Amino acid sequence: MSQTTGRLQGRTAVITGAASGIGAGTARMFVAEGANVIVADLQVEAGQALVAELGDAARFAECDVTNEDQIAAAVDMAVAEFGSLDVMFNNAGIVGIVGKISEMPVEAWDHTMSILLRGVFLGTKHAARVMSEQGSGVIISTSSTAGILGGLGPHVYTAAKHGVIGLTKSVANELAPLGIRVNAISPGNTVTAMTAAVTTGDAGDLEGTNEKIASGSPLGYAGTPDDIAAAALYLASDDARYVSGHTLVVDAGQTTAGMTPQRFNTGSSRQYNEAGRVT
Ligand SMILES: NC(=O)c1ccc[n+]([C@@H]2O[C@H](COP(=O)([O-])OP(=O)(O)OC[C@H]3O[C@@H](n4cnc5c(N)ncnc54)[C@H](O)[C@@H]3O)[C@@H](O)[C@H]2O)c1
């Protein structure tokens, strides 16, 4: 982690999906930058272990992001324990159902959507409830490069992550006059349990995952939770005071090349004439 600068001194954040991966990395970075953090997650043991590591600046909220009462309670815990809610990071997620659209069970669609999109809606709704009263706050939601392009993730995941960006823009517009900024982050492949499960079949194989992601990365190295946490820190801090409705893509440049990366830009030089022939 780079040198800390106290950019979140005295602020309080709720981070969903904070027991693992990007959320855990962000909780560590936010606390190092002076924030108090509510670690909100389904995973009780891992969440409590992180809170024990972070000390007095952190509390654990057992929270399923699809459950409105539990999201509301995590938000209210921030105010009750630390006096405010300055940053809401809607980050919890799963890969969800994969497979052909023609064979997709409706229940599986609904389940994946409920975690990836309804969860972000509920976090945004309850953060807005508290932040509107305060007249300040920052809401950040985790989308994905699959929220920018098709073909980078399963159908429901892709639809939900596009939805996160749409919701971000729409709510940014409503809440700007109240002093609340709303942004999204679209990570590319990042080394976490989620990608480990997909790339190696073993959620614990972070080393193997790191190698695989690095080999496909335009920059030649893999993204880490700290890389995404640094983007969240920027958006959460006053450095981003004029930034709202934005999606910050953190993907080593992967999405600049669409789904056919390098197609026209490798090999020796060729020129096409008007007939479409190589000259
Ligand atoms: N890792 C990547 O390459 C990558 C890329 C793009 C986007 N993302 C997104 O980043 C976010 C974090 O994922 P990660 O890679 O850190 O994965 P991760 O599996 O390490 O962490 C996800 C966390 O979310 C929690 N969670 C899942 N369902 C929940 C629910 N219903 N309620 C509360 N918590 C729940 C899990 O318990 C876990 O702690 C997700 O939204 C994911 O879609 C990840």
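**Close-up views of the predicted model**

**View 1. Strand S1 is covered on both faces.** The model is predicted: local features need pLDDT of at least 70 and side-chain atom pairs pLDDT 80 or more, while totals for chains, interfaces and linings use all residues. Residues are numbered from 1 along each chain as its sequence is written. Strand S1 covers residues 12–16; because 5 of its 5 residues are buried, the strand is largely enclosed by the rest of the structure.

**View 2. Strand S1 lies beside strand S2.** S2 comprises residues 36–41, and its pairing with S1 is parallel, over 5 bridges. Strands pair if DSSP finds at least two bridges between them. Within this pair, Ile15 stands opposite Val39 in S2.

View 3. Strands S4 and S5 are joined in the parallel sense by 4 bridges. Across this pair, Met88 is placed opposite Ile139 in S5.

**View 4. Ala27 belongs to the nonpolar core.** The largest such core (buried Ala, Val, Leu, Ile, Met, Phe, Trp, Tyr and Cys joined through C-beta atoms within 7 Å) has 69 residues. The members that touch the most others are Val14, Ala27, Val37, Val39, Ile140 and Ala232. Helix H4, residues 106–134, contributes the most to this core, namely 9 residues. When neighbours within four places in sequence are set aside, Ala27 is in contact (C-beta atoms within 7 Å) with Ile15, Ala18, Val37, Val39, Leu50, Leu54 and Ala58.

**View 5. Residues gather around the ligand.** The ligand is surrounded by 28 residues, of which the closest are Gly17, Gly21, Gly93, Thr192 and Met194. A residue counts here if its C-beta atom lies within 6 Å. Helix H1 (21–32) and helix H6 (193–200) are the elements that each give two or more residues to this shell.

**View 6. Gly93 sits in a loop.** The loop in question lies between strand S4 (87–90) and H4. Gly93 counts as buried because it has 26 C-beta neighbours inside 10 Å. Apart from neighbours within four places in sequence, its contacts are Gly17, Ile115, Leu116 and Thr142. Between Gly93 and Ile38 there are 17 Å in space, C-alpha to C-alpha, and 55 residues in sequence.

**View 7. Ala252 has a positive phi.** This residue is other than glycine, and its phi is near 60°. Ala252 lies in the segment that follows strand S7 (247–250). It counts as buried because 21 C-beta neighbours are inside 10 Å.

**View 8. The close-ups belong to one protein chain.** The chain contains 8 helices and 7 strands, taken as DSSP runs numbered from the N terminus (helices: H or I, at least four residues; strands: E, at least two). Of its 279 residues, 45% are buried. Its C-alpha atoms fill a box of roughly 70 × 40 × 35 Å along the principal axes. Among contacts between residues at least 6 apart in sequence, 66% join residues at least 24 apart.

Definitions and conventions. A residue is buried if 20 or more other C-beta atoms lie within 10 Å of its own, exposed if 12 or fewer, and partly exposed in between; C-beta atoms are placed from the backbone. Two residues are in contact if their C-beta atoms, placed from the backbone, lie within 7 Å.
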